[in-house]
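Below are my notes on the model you sent, as numbered points.

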Amino acid sequence: MKVLLVDDSVTMRRIQKTQITSLGITDIIEAGDGEDALGKLQSNMPIDLVLLDWNMPVMDGLTFLKKVRQDPAYKGVKIIMCTSESEKSRVVEALKSGANNYIVKPFTPDALKEKIGI
Ligand SMILES: [Mg+2]
C-alpha cells in the first residue's frame, strides 16, 4: 500500500509517519500543502491512500480534495481527512466533497487500521 501523507506540520508528519509505519506500511510519500500534494500524487501514482490535513498554506485540504475528486484518473484513491478535535463539525462538508472517511489526529495505529480497513 502506498500512502501520501499531507500535513504542513513537520512534527505532525513525523508522528503520523511513525504510526503508519507501525502498521507495516513503508511506502509513504510526504507533502506539506495541497499544491505540493497534487504534484506528488500525479508523479507517484498509483497511490492507494491520502491522509489529508485541513489547514495548510498555499492550498488547503478541502481544495485539494475537490480537485482530486474532479479528476477520474484518481477515482481509486482513498482519501481520509485528518481532523483536530475542534474541526470535527466540518467533517460532513469533507464527506460531501468526496472524502472516504475522517480520523481525529494524532491517530493511533489501531484507529487508522480501522478507518482504512486493513
Ligand atoms: Mg495544518
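1. S3, H3 and S4 form a β-α-β unit of right-handed sense. The model is a predicted one, and the remarks here should be read with that in mind. The two strands of the unit, S3 and S4, run parallel and are joined by 5 bridges. Within this pairing, Leu51 has Ile80 of S4 opposite.

2. The helix of that unit, H3, has Gly61, Phe64, Leu65 and Val68 as its buried residues. Viewed down the axis of H3, these fall within an arc of 100°, so they line one face of the helix. Their packing partners are S1, H2, strand S3 (49-53), S4 and helix H4 (91-96).

3. Cys82 stands opposite Ile103 in S5. S4 is mostly covered, with 5 of its 6 residues buried.

4. Is Cys82 buried or exposed? This residue of strand S4 (residues 78-83) has 24 C-beta neighbours inside 10 Å, and the cut-off for burial is 20 or more, so Cys82 counts as buried. Leaving out residues up to four places away in sequence, Cys82 touches Leu51, Leu52, Asp53, Ile103 and Lys105. As for Thr63, the C-alpha to C-alpha distance from Cys82 is 14 Å, at a sequence separation of 19 residues.

5. In helix H2 (residues 34-43), the residues Gly34, Ala37 and Leu41 are buried. Down the axis of H2 the buried residues lie within an arc of 55°, so they line one face of the helix. Gly39, Gln42 and Ser43 are exposed and sit on the face of H2 turned away from its buried side. The buried residues of H2 pack against strand S1 (2-6), strand S2 (27-31) and helix H3 (61-69).

6. Which residues touch the most other members of the largest nonpolar core? That core has 26 residues, and the ones in question are Leu4, Val6, Val50, Leu51, Leu52, Ile80 and Met81. Two or more residues of the core come from each of S1, H2, S3, H3, S4 and helix H5 (109-116). Val50 touches Leu4, Val6, Val77 and Ile79, again not counting residues up to four places away in sequence.

7. On the chain as a whole: the protein chain has 5 helices and 5 strands. Their order from the N terminus is β-α-β-α-β-α-β-α-β-α. The radius of gyration is 13 Å, close to the 13 Å that the globule rule gives for 118 residues, so the chain is as compact as a globular protein of that length. Along the principal axes, the C-alpha atoms fill a box of roughly 30 × 30 × 25 Å.

8. Two totals complete the note. Buried residues make up 29% of the 118 residues of the protein chain. Of the contacts with a separation of 6 or more, 62% are between residues 24 or more positions apart.

Note on methods:
Residues numbered from 1 in each chain as written. Predicted model: local features only at pLDDT ≥ 70, side-chain atom pairs only at ≥ 80, totals over all residues. Helix = DSSP H or I, 4+ residues; strand = E, 2+ residues; numbered from the N terminus. Rg over C-alpha atoms; globule rule 2.2 N^0.38 Å. Buried ≥ 20, exposed ≤ 12 C-beta atoms within 10 Å, placed from the backbone. Contact = placed C-beta atoms within 7 Å. Arc of directions from axis to C-beta. Core = buried A, V, L, I, M, F, W, Y, C linked by C-beta atoms within 7 Å. Pairing = 2+ DSSP bridges. Right-handed = clockwise from strand over helix to strand, strands pointing away.
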